[in-house]
Amino acid sequence: MGTDSRAAGALLARASTLHLQTGNLLNWGRLRKKCPSTHSEELRDCIQKTLNEWSAQISPELVREFPDVLECTVSHAIEKINPDEREEMKVSAKLFIVGSNSSSSTRNAVDMACSVLGVAHLDSVIIASPPIEDGVHLSLEHLQPYWEELEYLVQSKKIVAIGTSDLDKTQLEQLYQWAQVKPNSNQVNLASCCVMPPDLTAFAKQFDIQLLTHNDPKELLSEASFQEALQESIPDIQAHEWVPLWLLRYSVIVKSRGIIKSKGYILQAKRRGS
């Protein structure tokens, strides 16, 4: 592992961008030795194992090239959707903005997900509330730049339906009234409220917005947790130089049977100052 780590460290020292793709976690086999207890634990485990597998597969040619963008994948787990089966599948994603103020992260994430899965569009994308400073209340202004990107992607036929996460009735109403493409769903974390708030339920019913539940933590991936995972997998790097921009979690479900055919994570990180 030492030589692998040194090669990975040398590549990361020269690159400016890291794309990490787990591939289909259902294909991981021996890599999944235990069932994680939380989404955060699963994600950290996925990041570390993907980095370890990628490090072990680095070719001498790649080291000589020193690419600016590193594609870090578990190659045997990559699985594109068969075009003949596309109509039978529902491809959904949830996008978490981590460390980027650039709304173009939204477009990058969706384009990469379509490429990874071999599809022309995603059926549904839910965006988690973007990061804001402690003590600041999430407002429409925080959401607008990301929602405008999602609207563009709907109009470009890259996404069919778009939704939100953890908006209360006032926030959802403000977004609905302002948006050109209306949210068709809003996720609610029942761990924080136990039951659906009546005012939110009434508003969603009135405007045909589906209320879904989730159990994601408020911060699924932080800059610190990503850097810790990076440092543990590849000790020969300056992990603090790397900042995760966004994380996308996807699932592919067989519509008629409700069976998960594929699920995984895609992540983009940038090196500071590059």
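1. Secondary structure. The protein chain has nine helices and nine strands. Keep in mind that this is a predicted model.

2. Overall size. The radius of gyration of the protein chain is 19 Å. The globule rule gives 19 Å for 274 residues, so the chain is as compact as a globular protein of that length. Along the principal axes, the C-alpha atoms fill a box of roughly 60 × 45 × 35 Å.

3. Burial and surface. How much of the chain is buried? Of the 274 residues in the protein chain, 49% are buried. The accessible surface comes to about 13400 Å². Carbon and sulfur atoms account for 50% of that surface.

4. Contacts along the sequence. In the protein chain, 73% of them join residues 24 or more positions apart.

5. Charge. The protein chain carries 28 positive and 34 negative side chains. How far apart do the centres of the two sets lie? The distance between these centres is 4 Å.

6. Aromatic pairs. The structure holds three aromatic pairs. One of them joins Tyr176 and Phe203. Their ring centres are 6.0 Å apart, with 90° between the planes. That geometry is edge-to-face.

7. What the pair connects. Tyr176 sits in helix H6, residues 169-178. Phe203 sits in helix H8, residues 198-206.

8. Burial of the two partners. Are Tyr176 and Phe203 buried or exposed? Tyr176 has a relative accessibility of 17%, so it counts as buried, the cut-off being under 20%. Phe203 has a relative accessible area of 5% and is buried too.

9. A second ring partner. Phe203 also pairs with Phe207. Their ring centres are 4.8 Å apart. The planes meet at 45°, so this pair is tilted. Edge-to-face would need planes over 60 degrees apart, and stacked would need under 30.

10. The exposure of Phe207. Phe207 has a relative accessibility of 29%. It therefore counts as partly exposed, as the value lies between the 20% and 50% cut-offs.

11. The cluster. Which residues do the ring pairs bring together? Tyr176, Phe203 and Phe207 are linked into a cluster.

Methods. Residues are numbered from 1 along each chain as its sequence is written. This is a predicted model: local features need pLDDT of at least 70, side-chain atom pairs count only at pLDDT 80 or more; totals for chains, interfaces and linings use all residues. Side-chain values use heavy atoms; hydrogens and water are left out. Helices (H or I, at least four residues) and strands (E, at least two) are DSSP runs, numbered from the N terminus. The radius of gyration is taken over C-alpha atoms; the globule rule is 2.2 Å times the number of residues to the power 0.38. Buried means under 20% relative accessible area, exposed over 50%, partly exposed in between (1.4 Å probe, protein chains only). Contact means heavy atoms within 4.5 Å. Accessible areas come from the Shrake-Rupley method with a 1.4 Å probe; for residues, only the protein chains shown count as cover. Lys and Arg count as positive and Asp and Glu as negative; His and the chain ends are not counted. The place of a charge is taken as NZ of Lys, CZ of Arg, CG of Asp or CD of Glu. Rings of Phe, Tyr and Trp (its six-membered ring) pair if their centres lie within 6.5 Å; planes under 30 degrees apart count as stacked, over 60 as edge-to-face and the rest as tilted.
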